[in-house]
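I opened the model to look up a few helix contacts. My entries follow.

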Amino acid sequence: MSKERPVNLDIATIKLPITAFVSILHRVSSVILWVGLAIFLPVLLVSLSSADGHQSMKDFFTGHFLGQFIVWGLLTALGYYVCATSKHIIQDFGHFEELESGKQISVAVLVVAGLLSILSGVWLWA
C-alpha cells in the first residue's frame with residue numbers, strides 16, 4: 001500500500017461543484033426545519049391554551065421583528081427544502097442526471113428558492 005497518496009485537509013482550498021452546495025443546503029434546511037418544529041410546538045401549546053396566550057403569540061409574531069424574522073427564516077428553509085426535494089424526485093425519475101443538466105437544475109433550485117424567500121419576506125413585511 002502506497003503511503004504517498006495526496007491528502008488535502010484544508011477545506012478552504014477544496015472547490016465544490018454547485019451540486020454539492022445544493023445538496024449541503026438541502027440538509028441544512030432540513031435541520032433548520034426540525035429546530036423550527038422544536039420552537040413552534042411550544043408556541044402552539046401556548047396559543048391553544050387560552051385566548052390571552054393566543055393573543056400574546058399573535059402579537060409577538062406580527063408586531064416584533066424577531067418573531068417575523070423567525071417566521072421568515074422558517075419559510076425560507078421550507079421553500080428551499082421543497083425545491084431541493086423536488087429536484088431529487090425529478091432526478092430519481094431519471095431526468096437531469098448528467099453533470100451539465102445536474103448543474104442546470106441545481107441553479108434552478110437556487111433561483112426558485114431565492115425568489116420564494118423574497119416573496120415570503122414581502123408577504124411578511126408588506
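In which helix is S29 found? I find S29 in helix α1; helices here are DSSP runs of H or I of at least four residues, numbered from the N terminus. This is a predicted model, in which local features need pLDDT of at least 70, side-chain atom pairs count only at pLDDT 80 or more, and totals for chains, interfaces and linings use all residues. Residues are numbered from 1 along each chain as its sequence is written, and side-chain values use heavy atoms, with hydrogens and water left out.

I looked up burial next. S29 counts as buried because its relative accessibility is 4% (buried is under 20% relative accessible area, with a 1.4 Å probe and protein chains only). Leaving aside neighbours within four places in sequence, I noted A77, Y80 and Y81 in contact with S29 (heavy atoms within 4.5 Å).

I then turned to α1 and helix α2 (residues 51-63), whose axes come within 7 Å and cross at roughly 135°. Axes are lines fitted to C-alpha atoms over the stretch in contact, and angles run from 0 to 180 degrees between N-to-C directions. The pair is therefore oblique, the class left after under 35 degrees (roughly parallel), over 145 (roughly antiparallel) and 65 to 115 (roughly perpendicular). F40, V43, V46 and S47 of α1 meet G53, H54, M57 and F61 of α2.

Last, I checked helix α4 (residues 99-125), which has 27 residues. The buried residues of α4 include S101, I105, V109 and L124. I noted α1 (18-49) and α3 (65-92) among what covers the buried residues of α4.

How values were computed. Helix = DSSP H or I, 4+ residues; strand = E, 2+ residues; numbered from the N terminus. Expected span 1.5 Å × (residues − 1). Buried < 20%, exposed > 50% of the residue type's maximum accessible area, 1.4 Å probe, protein only.
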